[in-house]
Amino acid sequence: MQRRNMIWIVTLCAALLWGTALHIVDGNNANAGSPHGKIWHESDNGREPYIDPAVNRSMSALVKATLPAVVSIATEQVIKMRRRGPRGRGGEPLEDFFDFFFNQPFGRQFKSQGMGSGFLINEEGYILTNNHVVENADEITVQLNNHDEYQAKVIGRDERTDMALIKIEAGKSLPYLKLGNSSELEIGDTVVAMGNPFGLSQTVTMGIVSQKGRKDINPSGRRLVANFIQTDASINPGNSGGPLLNIYGEAVGINTAIAQGQGIGFAIPINMSKTLLPQLTNGKIERSWIGIGIQDITPTLAESLGLKKARGVLVSSVMENSPAEKAGLKPEDIILSFNGQPVGSPSELTWMASTAGVDTDVTLSVWRNRKTINISLKLGRMPGETGLAAAGDSKADFEALGIHVSNPAPERLKALGISDGKGALVTQIEPDSPAASAGLAPGDIIRKINTVLIKDATHFAKTAKKVKKGQTVRLFVNRERLALFIAFRI
């Protein structure tokens, strides 16, 4: 009897365990809808979208149509480490570092590599990018979307607007982007940024236009002339030179700078590029010039001059022998419009005047003596323009410290506000010189070496050659009417 009871108990337990196991397996299959033990739920065909699928399809189509025209740019620059003293003990700290750790003489060449983006603007291989992507590059390699690589050459570049035009020879027709109208952009419009951030090729981000017409900002540490488009579309290192697109797949900007840590990016309006592209194609920028000092007009200033509302820009000074002086412009004039276009800020007038063209006739609407008058003038060539010589500049070349100088024309000095007629015009700088590394630029007027006032180019060469190796040189320079110091050790 006891044995029979034990058998029944074992049989009952086995049945209960078997039933539990069947329930677990069946339950898994029921929840997963699969005999493979999935623990998730598959979507069904009756699902309803929360966002219109057409939005996804349209953005995907935009990317597929435009991405082949976006390129990756790799640059290489040869840097020569100049010898500055005896090797070994008692030499320069950096020289000792190379000798001790690498057993290499300080003075050898090194290669510096950079990266950026760009985009094709026609089927012939012309590529628009940032100047800072390609400047000083000894070799430029462009990689297309299909991974084909080509060597590129610089056609033209402009440091002030940070634009550059380069070209590749592919031997075939290439995909390209059409240029849109950046003036049509509105705050809140959807935009797409493309490029190669951090070396990650063919990256696409989307955002909106956060603001337009950002002026007098230096987000990349450079002093640029531009009315930037501000966007929250991610722009990161390596994105520079890539396109900012509108919803039509048209390039409306060139991604150029980042506000570090703010999630804000800036792009050069494509309409500014259109203005300069004909000159970049010719390999040279010639800026036009009125010849005035200008400033913002405040409500108080406007009221004092009889203007009901603060608008336009105030003329603070008129340069001698300038187009402005010849036309009769005066300090305290308020320029309201340039060739019929309203003037909103000093940087806006500077852009209009500098890109209208040398010898172009323009009309200014001016507020003077509590009434509006029109003044016509012929724009001149901007003094001190890099690579451009004013009439009367000496062709004689003097060199010292890797700096080539000549005697500037008296008209150039006067236009730059130099009344004593003294100084030396920088015409060329050796690429591997300390002066180049310190930021000296062609077009600068050297006024002093250390404490010595420079009379002319000959005086500069004689004074500079007296500086001994290991000493620090401090230059006092006039650059576009701005005074600055540049120091370096030779």
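Thr205 is found in strand E8 (residues 203-214), where strands (E, at least two residues) and helices (H or I, at least four) are DSSP runs numbered from the N terminus. At 18% relative accessibility, Thr205 counts as buried, a word used here for under 20% relative accessible area, with exposed meaning over 50% and partly exposed in between (1.4 Å probe, protein chains only). Leaving aside neighbours within four places in sequence, Thr205 is in contact (heavy atoms within 4.5 Å) with Val191, Val192, Ala193, Ala233 and Ser234.

Some ground rules: this is a predicted model, so local features need pLDDT of at least 70 and side-chain atom pairs count only at pLDDT 80 or more, while totals for chains, interfaces and linings use all residues. Residues are numbered from 1 along each chain as its sequence is written, and side-chain values use heavy atoms, with hydrogens and water left out.

**The whole protein**
- The protein has eleven helices and 27 strands.
- Of its 490 residues, 43% are buried.
- Take the contacts between residues at least 6 apart in sequence: 61% of them join residues at least 24 apart.

**Nonpolar cores**
- A nonpolar core is a set of buried Ala, Val, Leu, Ile, Met, Phe, Trp, Tyr and Cys residues joined through side-chain atoms within 4.5 Å.
- The largest one has 29 residues, and Phe119 and Met194 are those with the most contacts inside it.
- Several elements supply at least two residues each to this core, including helix H2 (53-66), strand E7 (190-195) and strand E11 (251-259).
- Helix H5 gives the most to this core, with five residues.
- What does Met194 touch, leaving aside its neighbours within four places in sequence? Its contacts include Leu62, Val63, Leu67, Val70, Val204, Pro243 and Leu245.

**Aromatic rings**
- Rings of Phe, Tyr and Trp (its six-membered ring) pair if their centres lie within 6.5 Å; planes under 30 degrees apart count as stacked, over 60 as edge-to-face and the rest as tilted.
- By this rule the count comes to two aromatic pairs.
- Phe228 and Phe266 form an edge-to-face pair, with 5.9 Å centre to centre and 65° between the planes.
- This pair links distant parts of the chain: Phe228 is in strand E9 (residues 228-231) and Phe266 in strand E12 (residues 264-269), 38 residues apart.
- Both Phe228 and Phe266 are buried.
- The rings of Phe476 and Phe485 have centres 5.0 Å apart and planes at 45°, so this pair is tilted.
- Phe476 counts as partly exposed because its relative accessibility is 24%, whereas Phe485, at 58%, counts as exposed.
- There's a charge over a ring, too (NZ of Lys or CZ of Arg within 6 Å of the ring centre and within 35 degrees of the ring normal): the charged end of Lys167 sits over the ring of Tyr126, 5.1 Å from its centre.

- The buried residues of H8 include Leu349, Trp351, Met352 and Ala353.
- They pack against helix H5 (270-281) and several strands, among them E14 (292-296), E15 (313-318) and E16 (334-338).
- Gly357, whose phi is positive, near 115°, follows H8.
- Arg381 lies in strand E20 (residues 380-381) and, at 38% relative accessibility, counts as partly exposed.
- The C-alpha atoms of Arg381 and Ser354 are separated by 8.7 Å, with the two residues 27 apart along the chain.

**Paired strands**
- Two strands pair if DSSP finds at least two bridges between them.
- E14 and E15 run antiparallel and are joined by five bridges; the bridge partner of Ile292 in E15 is Val318.
- E15 and E16 also run antiparallel, joined by two bridges, and Leu314 has Ile334 as its bridge partner in E16.

**Helix H11**
- In helix H11 (residues 457-464), the buried residues are Ala457, Phe460, Ala461, Thr463 and Ala464.
- These pack against strands including E22 (403-406), E23 (424-429) and E24 (445-449).
- Asp456 caps the N-terminal end of H11, with a side-chain oxygen 3.3 Å from the backbone nitrogen of Thr458.

Definitions and conventions:
Polar contact = N/O pair within 3.5 Å; in protein donor to acceptor, adjacent residues only side chain to side chain.
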